[in-house]
Amino acid sequence: MSVRSALSTVAATPVAVRVRRRLLFGGTARYWENRYSRGGNSGAGSYGAQARWKADLVNRWVRIHGVESVIDLGCGDGSQLSFADYPSYLGLDVSPAAVRACVDRFRDDPGKSFLCYDPAAFDDSAGWLRADLALSLEVVFHLVEDEIFEGYMHRLFDSARRFVVIGSYDTETPAPAPHERHRCFTGWVARNRPEWVVEDRADPPAGVDLGSTFVLFRRSAQDPVSSPSTSR
Ligand SMILES: C[S@@+](CC[C@H](N)C(=O)[O-])C[C@H]1O[C@@H](n2cnc3c(N)ncnc32)[C@H](O)[C@@H]1O
């Protein structure tokens, strides 16, 4: 076998293909901005039956727990949001194109605000950006870089007064694409934010093509931060 054919055999192995795709992947924020600005969308999970099932679940949690405000970290293009029923809403996303799409789409809705989020140029020590419930729908398994994941998870819990909802893969299984990384987020919460406890959880039923698990976390009674005036 010639050196050239040996190299092309090695380059075609699944491991080599995965490494090449990972090296070509330019980072989570750049991936999403490129995707949206080229006309792409938030993905299959934000449309059709999947989006309806996600919305029914979160709308129910919002209703039964009397949630008055929602902050959504990774709001996407607004498709999922179009099924939501929240009294007051703030959506943030790292992609300016996605935020612009939401601003256009919900221009006439006085209950919805949007902000572009740059994790490298952000600090909210004074606790301005907080809501009853902080929401993360199918964002966590897209956070490939460890420091981005860590920063995102702390920001999410720091944004919540009473509840956090995370919908993501909750396993360490290998991800099928370079823009995905599956992590056990319930384990992260137990280790890093033990003041938050699991209040409820739901898995999509057969026929709803979603791999994510949806968990509602509640701030435990031992950590009663319940209004902005008591923000840390
Ligand atoms: C699969 S989409 C889900 C959008 C929306 N939550 C939904 O369910 O339709 C993932 C979104 O996360 C956003 N995102 C990626 N990294 C982020 C980060 N560090 N902080 C906030 N949003 C981020 C992406 O721009 C993208 O809009």
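Mentor: Helix 3 (28-37), strand 2 (89-93) and strand 3 (112-116) are among the elements that cover the buried residues of helix 5. Those buried residues of helix 5 (residues 96-105) are A98, V99, A101 and C102. Look down the axis of helix 5 and its buried residues fall within an arc of 155°, so they line one face of the helix. Keep in mind that all of this comes from a predicted model.

Together with strand 4 and strand 5, helix 6 (residues 146-158) makes a right-handed β-α-β unit. Strand 4 (residues 131-137) and strand 5 run parallel, with 6 bridges joining them.

How buried is strand 5 (residues 160-168)? All the way along: 9 of its 9 residues are buried, so strand 5 is largely enclosed by the rest of the structure.

That brings us to the largest nonpolar core, which has 45 residues. The members that touch the most other members are V70, L133, A134, L135, V164 and V165. As a rule, in soluble globular proteins, nonpolar side chains tend to be buried together. Take L133 again: leaving out residues up to four places away in sequence, it touches V62, V67, V70, A160, R162, F163 and V165.

Now follow the chain from strand 4 towards helix 6, and in the loop between them you'll find E138. E138 counts as buried because 23 other C-beta atoms lie within 10 Å, and 20 or more is the cut-off. Its backbone is worth checking on screen too: E138 has a positive phi of about 55°, although it is not a glycine. For context, most residues other than glycine have a negative phi.

Is F122 buried or exposed? F122 is exposed, because it has 12 other C-beta atoms within 10 Å and the cut-off for exposed is 12 or fewer. The C-alpha atoms of F122 and R155 are separated by 9.9 Å, while the two residues are 33 apart along the chain.

Stepping back to the whole chain, there are 7 helices and 7 strands. From the N terminus on, the order is α-α-α-α-β-β-α-β-β-α-β-α-β-β. Of the 232 residues in the chain, 33% are buried. And if you take contacts between residues at least 6 apart in sequence, 67% of them join residues at least 24 apart.

Methods
Residues numbered from 1 in each chain as written. Predicted model: local features only at pLDDT ≥ 70, side-chain atom pairs only at ≥ 80, totals over all residues. Core = buried A, V, L, I, M, F, W, Y, C linked by C-beta atoms within 7 Å. Contact = placed C-beta atoms within 7 Å. Helix = DSSP H or I, 4+ residues; strand = E, 2+ residues; numbered from the N terminus. Pairing = 2+ DSSP bridges. Right-handed = clockwise from strand over helix to strand, strands pointing away. Arc of directions from axis to C-beta.
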